[in-house]
Amino acid sequence: MNDMLAAVWSYRHFIISSIKNDLRSRFARSKLGALWMILQPLAQVAIYSLVLSRIMAAKLPGIDNRYGYVIYLMAGMIAWALFSEVLTRSLTMFVDNGNLMKKIVFPRVCLPLVTTGSALVNNFLLLLASAGVFALIGHPPSWSMLWLPVLVGVNLVFALGVGLILGVLNVFVRDIAQVMTVVLQLLFWLTPIVYMPTILPVQLQKILAFNPMYHLAADFQSVILYGKAPGLLGLVVIGGASLVLLAFALILFRRAAPEMVDVI
C-alpha cells in the first residue's frame, strides 16, 4: 500500500494531465462541450418529473414545495450518476487503455484514479447545475448540505471498490461488462430514486435495504430535500464496508496487473 501511495504521488502530474485530456477528448469538436456532462441526467430528471410528479408529489411527507418531487429526484440522481459513471467506466478502463499499458511504463493504479477523477469533475458540475435549479424553484441550500462531501466520498469509495474488482475480472472474462449493463439498469430501479421506498411493501423494503445504494441515495435525499443529517450508523457501516471492499480490490488488482498486460 505504501508503494502504491508513493507511486501515485510521484505520478500526480501524470494523473492530473490525464484527467484533463480525458475530459477534453470526450467533448472534442462539440459545440456544447462540458454541458453534455450535466444535460443527460437533467434530461432524465425532466422526463421523470413530467411523467410522475403529480403521482409522487403526494407521497412526500412534510414537503410543502410543489417541486418537492423534482428535488427528491435530482438528489437521488446526483448520487446515482457518480456511482454509475465510476462503475461503468471502471469496467473497461484496462481494456480501453491496453495499448497505453503496453507502450508506456507507469503505475497501473493511475488508471482508476484518472477514471474516478474525471467522474468526480462531472458530478461536481452536475451538483452545481442542480444547486442552480434548486435556487430557481425556491429551495435554498441548508447547513445539512455540508454533509455532501462525506456522502460523495463514501459513494466514490464504494463505486471504485466494485468497479475495480469488475474491471480486473473483465480483462479475463469480457462478458462481465455486458452483464453489468443489464445489472446496472436493474439496480437503478432497486434504488429509491424515481420512487419513495415508503410506497413499497415492508417486506420488500427489508430486502432492498441490502443494496448500499438504497441507503446512499436516501442520505443524499435527506440532506438535500429534507435538510437533515444522514443516518450516521448506516453511513459508518457502508463507509467501513466500502473501505474493506476497496482494499480487497487493490490487492486483487496488484496481483493481477502483471498478467493483465499479456491478456489484453
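Here is a short chat about a predicted model, its confidence, its aromatic pairs and a patch on its surface.

Me: Hi! How confident is the predictor in this protein on average?

Reply: Hello! The model is predicted, and its pLDDT averages 84 over the protein, with 89% of the residues scoring at least 70.

Me: OK, on to the rings. How many aromatic pairs are there?

Reply: The count comes to 6 aromatic pairs. One of them joins Tyr69 and Tyr72, which are stacked at 6.5 Å centre to centre, with 20 degrees between the planes.

Me: Where do Tyr69 and Tyr72 sit?

Reply: Both tyrosines belong to helix H4, which covers residues 68–96, and they are 3 residues apart, about one turn of the helix.

Me: Are those two buried or exposed?

Reply: Tyr69 and Tyr72 are both buried.

Me: Nice. What about Trp80 and Phe188, how are their rings arranged?

Reply: Trp80 and Phe188 make an edge-to-face pair, with 5.5 Å from centre to centre and 70 degrees between the planes.

Me: Which parts of the chain does that pair tie together?

Reply: Trp80 is in helix H4 and Phe188 is in helix H8 (residues 175–189), so the contact ties together parts that are 108 residues apart in sequence.

Me: Why does Trp80 count as buried?

Reply: Because its relative accessibility is 8%, and the cut-off for buried is under 20%. Phe188 is buried too, with a relative accessible area of 8%.

Me: Which residues do ring pairs link into a cluster?

Reply: Trp80, Phe83, Phe158, Phe188 and Trp189 are linked that way.

Me: Changing topic: where is Gln44?

Reply: Gln44 lies in helix H3, residues 36–56. With a relative accessibility of 30%, Gln44 counts as partly exposed.

Me: How far is Gln44 from Leu73?

Reply: Their C-alpha atoms are separated by 9.5 Å, and the two residues are 29 apart along the chain.

Me: Last one, the surface. Which residues make the nonpolar patch of about 230 Å²?

Reply: That patch is made by Phe172, Val173 and Val263. Phe172 belongs to helix H7, which spans residues 148–172.

Me: And how accessible is Phe172?

Reply: Phe172 has a relative accessibility of 37%, so it counts as partly exposed.

Conventions: Residues numbered from 1 in each chain as written. Predicted model: local features only at pLDDT ≥ 70, side-chain atom pairs only at ≥ 80, totals over all residues. Heavy atoms only, no water. Phe/Tyr/Trp six-rings, centres within 6.5 Å; stacked < 30°, edge-to-face > 60°. Helix = DSSP H or I, 4+ residues; strand = E, 2+ residues; numbered from the N terminus. Buried < 20%, exposed > 50% of the residue type's maximum accessible area, 1.4 Å probe, protein only. Patch = residues over 30% accessible without salt bridge, like charges linked within 9 Å, V, L, I, M, F, W, Y side chains within 5 Å. Areas by Shrake-Rupley, 256 points an atom, 1.4 Å probe, with all protein chains shown as cover. Salt bridge = Lys/Arg side-chain N within 4 Å of Asp/Glu carboxyl O. pLDDT = per-residue confidence, 0-100.
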